[in-house]
Amino acid sequence: MDPKSTSGHPISDFFKIFMDAVRGKQTEFTSGSIRRAIFMLSVPMILEMMMESIFAIVDIAYVSRVSVNAVATIGLTESVITVVYALAIGLSMAATAVVARRIGEKDEKGAARAAVQAIFLGILISLIIGVIGLIFSREILSLMGGSSDLIAEGHGYTKFLIGGNITIVLLFLINAVFRGAGDASVAMQTLILSNGLNIILDPIFIFGLGPIPEFGVTGAAIATNIGRGSAVLFQLYILFKGGSRIRLALSDLVLRVKIMLNLIKVSLGGIAQFLIGTSSWIFLMRLMSEFGSEALAGYTIAIRVMMFTFMPAWGMSNAAATLVGQNLGAEKPDRAEKSVWITGKYNAIFMFLISLVYLFLARPIIALFSDVGPVIENGALCLQVVATGYFFYAYGMVVTQAFNGAGDTQTPTKINFIAFWLVQLPFAYLVSLYLDWGVLGVYLAILLAEVLLSIMAVIWFRKGHWKQTVV
């Protein structure tokens with residue numbers, strides 16, 4: 001990706017640049033080769049997201065050995081905890097945009113102060129949600145349509161995962177700060193630590209080992225909290241002890257109302273943007289529960305498998321967000337825009353190749369996680385239908401993150417509202433239940449909404465209003 005030859009051997013040159021990207025050696029992204037900047041940011045971000053998606057796959061593989069209800073429990077709980085993700089990601093988008101803008105302006109102290117206020121907000125939000133999860137875990141699963149035996153088996157998972165959501169929120173949030181600063185390699189290291197621990201601890205707590213009893217599906221949530229909590233402690237160590245362009249001191253740990261209000265202002269659009277998207281996923285999950293635990297399990301497995309490819313694509317999209325924010329801070333809007341189109345092209349090539357794999361190998365892929373016929377059929381159908389739109393999603397992801405990186409979180413919110421609430425939800429309900437197409441109606445609704453979102457995002461982006469956003 002536009003490497004400058006140093007040894008004359010393409011393979012050794014590529015390996016050197018790749019390792020430089022992993023180590024985070026380049027921190028200046030507002031000048032020089034755009035392709036190199038994309039590569040240096042994308043490599044650690046893709047590895048970070050890949051680690052997250054690998055854990056999602058390993059996690060569901062372990063849980064699928066417990067029971068179909070256990071897999072369905074994860075699906076129902078995660079559809080609810082996406083509300084937490086919406087809040088965390090919305091605030092993270094604001095943190096990335098503000099930190100990137102300050103870094104582009106060469107104001108590292110301002111970036112550090114913004115980071116502290118974002119962390120304060122994250123702690124407050126997660127504590128409120130955690131109390132709700134600890135008290136109402138059974139009621140949450142019941143509202144999502146879980147059967148009595150599913151609730152009896154899985155409510156512990158829901159209690160521990162939502163109750164311990166502070167580890168999820170802070171992990172998202174502090175990594176967003178690192179990305180905004182251009183320290184993508186530090187964010188990658190924290191995810192490797194978090195998910196590496198998760199993968200090791202999952203079977204220990206799910207199936208039991210030595211003095212640790214068998215917790216079943218609840219063990220997956222316990223392992224997640226320990227893994228992510230450890231990574232958060234590592235993040236805080238880096239922030240205070242060094243290793244990032246953001247360096248915090250005890251004197252920074254004070255409430256700064258003006259900065260916090262600015263973060264809230266930017267994050268409201270991001271939170272609304274993701275609440276719209278995630279609430280539609282909750283509705284779809286609730287709709288899928290109408291077709292039984294096997295359909296729900298197949299859908300849950302398929303979503304986890306798709307996350308395996310969505311995460312690397314999001315990694316490239318996050319690179320675009322950082323480049324947009326920093327280049328706007330450096331008053332280089334044309335360079336910011338060019339970065340987006342180049343990143344979108346690379347993402348589209350990657351997603352198109354992955355779509356071919358899913359279209360032709362859907363059944364064998366789902367069969368790796370379940371040997372139950374209806375589960376395989378439902379999961380394979382989901383993969384095949386949704387993968388047909390991957391080329392469009394690739395550009396949609398990058399452009400949406402570019403808006404967010406600029407601090408323009410309002411435009412993607414409007415696009416999400418149209419695509420998900422005005423199109424996806426009515427279509428899914430009418431086609432799956434009223435026209436009796438069953439689960440196919442839900443899968444087609446996902447495809448239609450994502451393609452529509454991508455087309456609208458590109459059209460709005462080309463208008464260029466995002467270049468005037470002030471954060």
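Modeller: Asp436 is found in the loop between α15 (410-434) and α16 (439-463). Helices here are DSSP runs of H or I with at least four residues, numbered from the N terminus. The model is predicted, so local features need pLDDT of at least 70 and side-chain atom pairs count only at pLDDT 80 or more, while totals for chains, interfaces and linings use all residues. Residues are numbered from 1 along each chain as its sequence is written, and side-chain values use heavy atoms, with hydrogens and water left out.

Biologist: What is the phi of Asp436, and is the residue buried or exposed?

Modeller: Buried means under 20% relative accessible area, exposed over 50%, and partly exposed in between, with a 1.4 Å probe and protein chains only. Asp436 counts as exposed because its relative accessibility is 65%. Its phi is positive, about 65 degrees, although Asp436 is not a glycine.

Biologist: Where does Glu331 lie, and what is its phi?

Modeller: Glu331 sits in the loop between α11 (293-329) and α12 (333-367). Its phi is near 60 degrees, a positive value in a residue other than glycine. With a relative accessible area of 69%, Glu331 is exposed.

Biologist: How should I read the packing of α3 and α4?

Modeller: Two packed helices are described by the angle between their axes and the distance between the axes. The axes are lines fitted to C-alpha atoms over the stretch in contact, and angles run from 0 to 180 degrees between N-to-C directions. For α3 and α4 the angle is about 175 degrees and the axes are 8 Å apart. The pair is therefore roughly antiparallel, a label for angles over 145 degrees.

Biologist: At what angle do α8 and α9 pack, and what is the hand of their crossing?

Modeller: Helix α8 (residues 184-207) and helix α9 (residues 217-241) pack at about 155 degrees, with axes 7 Å apart. These helices are therefore also roughly antiparallel to each other. Their crossing is right-handed, meaning that the near helix is turned clockwise from the far one by less than a right angle. Gly216 is placed in the loop between them. It is buried, at 12% relative accessibility, and touches Phe205 and Ile206, not counting residues up to four places away in sequence.

Biologist: Which residues does Ser126 touch?

Modeller: Ser126 belongs to helix α4 (residues 108-135) and is buried, with a relative accessible area of 1%. Leaving out residues up to four places away in sequence, Ser126 touches Asn165, Ile166 and Val169. Its side chain also reaches the backbone oxygen of Ile123 at 3.0 Å.

Biologist: Which residues touch the most other members in the largest nonpolar core?

Modeller: A nonpolar core is a set of buried Ala, Val, Leu, Ile, Met, Phe, Trp, Tyr and Cys residues joined through side-chain atoms within 4.5 Å. The largest one has 78 residues, and Val305, Tyr358, Leu383, Tyr390 and Tyr393 touch the most other members. Helix α3 (residues 68-104) gives this core its largest share, 14 residues. Tyr390 has contacts with Met306, Thr309, Phe310, Met351, Ile354, Ser355 and Tyr358, leaving aside neighbours within four places in sequence. A second, separate core has 34 residues, including Ile103, Ile174, Val186 and Ala231.

Technical notes: Helices (H or I, at least four residues) and strands (E, at least two) are DSSP runs, numbered from the N terminus. Contact means heavy atoms within 4.5 Å. A polar contact is a pair of N or O atoms within 3.5 Å; within protein, one must be able to donate a hydrogen and the other to accept it, and residues adjacent in sequence count only if both atoms are side-chain atoms. Angles under 35 degrees count as roughly parallel, over 145 as roughly antiparallel, 65 to 115 as roughly perpendicular and the rest as oblique.
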